[in-house]
Amino acid sequence: MKNYILSLVTLFLVAFSVTASFAQALSAEAQLDKAVTLSAKGDTAGTAEALTAGTTALETEAKSSGGDLKDKLLSKVGDLKSLIPLASTGKLQSGVLGKAVSAVKMLVGANRISSLLGKGDSGLLGKASSVTSSLGLIKAGSSILGSGTQNELSGVLGEATKAAGNLDKKGLAGKLAATASSSSLGSILKLVGSSL
């Protein structure tokens, strides 16, 4: 009986540590998405917890990045942090949170791309997945923009996403893709920077 209870306790502890490490492994943007979902469900404690985890991780990332949109990102993260007390008391409307999270996601994606572009075309080589995931973040947040800007951004995002797939190619093909990508990525950064 003792061994049986000991086995159960061990199983519980293993399950708990796996769950805890999974929660820590969630990316900053995944934590923000989780906060929006929990807010819509009325889970005030969960919303505040996910929002705190997401903003803390993003603040750390932004402070250590070399992207041109770092200051704008830190400002928006600050706005998001100011919503945590409202979230924990249940006074935060999920629509307000959703818009704030969308703006932050766009800036996160744009700032990550800006950091890569800061190293010149060579900074893009072999970074297809990083560029593609950053473009995905920008696209996901772009619903908060006006229809004109959104349409313009959508066109450039399509071009950049196509070109990004070739960034992992070796030799000349990769270099040509990096040159082509840097132009469309630069346009995306200008659009995001001027609209937020």
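Predicted model: local features only at pLDDT ≥ 70, side-chain atom pairs only at ≥ 80, totals over all residues.
1. Overall make-up. The chain contains nine helices and zero strands. In sequence order the pattern reads α-α-α-α-α-α-α-α-α. Of the 196 residues in the chain, 37% are buried. Among contacts with a separation of 6 or more, 72% come from residues 24 or more positions apart.

2. H3 with H6. Helix H3 covers residues 44–64 and helix H6 covers residues 94–117. Their axes lie 12 Å apart, and the packing angle is about 25°. An angle under 35 degrees counts as roughly parallel, and H3 and H6 are therefore roughly parallel to each other. H3 passes H6 in a crossing that is left-handed. On the H3 side the contact is made by Thr47, Leu51, Leu58 and Glu61, and on the H6 side by Leu97, Val104, Val108 and Arg112. By class, these residues are five nonpolar, one polar and two charged.

3. Thr52 in H3. Thr52 also sits in helix H3. Its relative accessibility is 35%, so Thr52 counts as partly exposed.

4. H4 with H6. H6 also packs with H4, here at an angle of about 155° and with the axes 9 Å apart. Angles over 145 degrees count as roughly antiparallel, and H4 and H6 are therefore roughly antiparallel to each other. The H4 and H6 crossing is left-handed. H4 contributes Lys70, Lys72, Leu73, Lys76, Val77 and Leu80 to this contact. From H6 come Leu97, Ala100, Val101, Ala103, Val104, Leu107, Val108 and Asn111. The residues of the H4 and H6 contact divide into ten nonpolar, one polar and three charged. Leu97, Val104 and Val108 of H6 are named both in the contact with H3 and in the contact with H4.

5. H7 on its own. Helix H7 runs over residues 128–141, which is 14 residues. From first C-alpha to last, H7 reaches 20 Å, close to the 20 Å expected at 1.5 Å a residue. Its buried residues are Ala128, Val131, Ser134, Leu135, Leu137, Ile138 and Gly141. These buried residues pack against helix H2 (28–41), H6, helix H8 (147–164) and helix H9 (171–195).

6. H7 with H9. H7 and H9 pack at an angle of about 30°, and their axes are 12 Å apart. H7 and H9 are therefore roughly parallel to each other. H7 passes H9 in a left-handed crossing. The residues that meet are Val131, Leu135 and Ile138 from H7 and Leu185, Ile188 and Val192 from H9. Sorted by class, this contact holds six nonpolar, no polar and no charged residues. Val131, Leu135 and Ile138 are also listed among the buried residues of H7, and Leu185, Ile188 and Val192 among those of H9.

7. H9 on its own. H9 has 25 residues and should span 36 Å at 1.5 Å a residue; its end C-alpha atoms are 36 Å apart, which agrees. The buried residues of H9 are Gly174, Ala177, Ala178, Ser181, Ser182, Ser184, Leu185, Ile188, Leu189, Leu191, Val192 and Gly193. What covers them includes helix H4 (70–81), H6, H7 and H8.

8. Gly171 in H9. Gly171 is part of helix H9. With 47% relative accessibility, Gly171 counts as partly exposed. Gly171 lies 9.8 Å from Leu125, C-alpha to C-alpha, and the two are 46 residues apart in sequence.

9. Asn166 is located in the loop between H8 and H9. At 30% relative accessibility, Asn166 counts as partly exposed. Leaving out residues up to four places away in sequence, Asn166 touches Ala173, Gly174 and Ala177. Of these, Gly174 and Ala177 are listed as buried residues of H9. A separation of 9.5 Å lies between the C-alpha atoms of Asn166 and Lys127, which are 39 residues apart along the chain.

Methods:
Residues numbered from 1 in each chain as written. Heavy atoms only, no water. Axes fitted to C-alpha atoms, helices over the stretch in contact; angles between N-to-C directions. Helix = DSSP H or I, 4+ residues; strand = E, 2+ residues; numbered from the N terminus. Parallel < 35°, antiparallel > 145°, perpendicular 65-115°, else oblique. Left-handed = near helix turned anticlockwise from the far one by under 90°. Contact = heavy atoms within 4.5 Å. Nonpolar A, V, L, I, M, F, W, Y, C, P; charged D, E, K, R; others polar. Expected span 1.5 Å × (residues − 1). Buried < 20%, exposed > 50% of the residue type's maximum accessible area, 1.4 Å probe, protein only.
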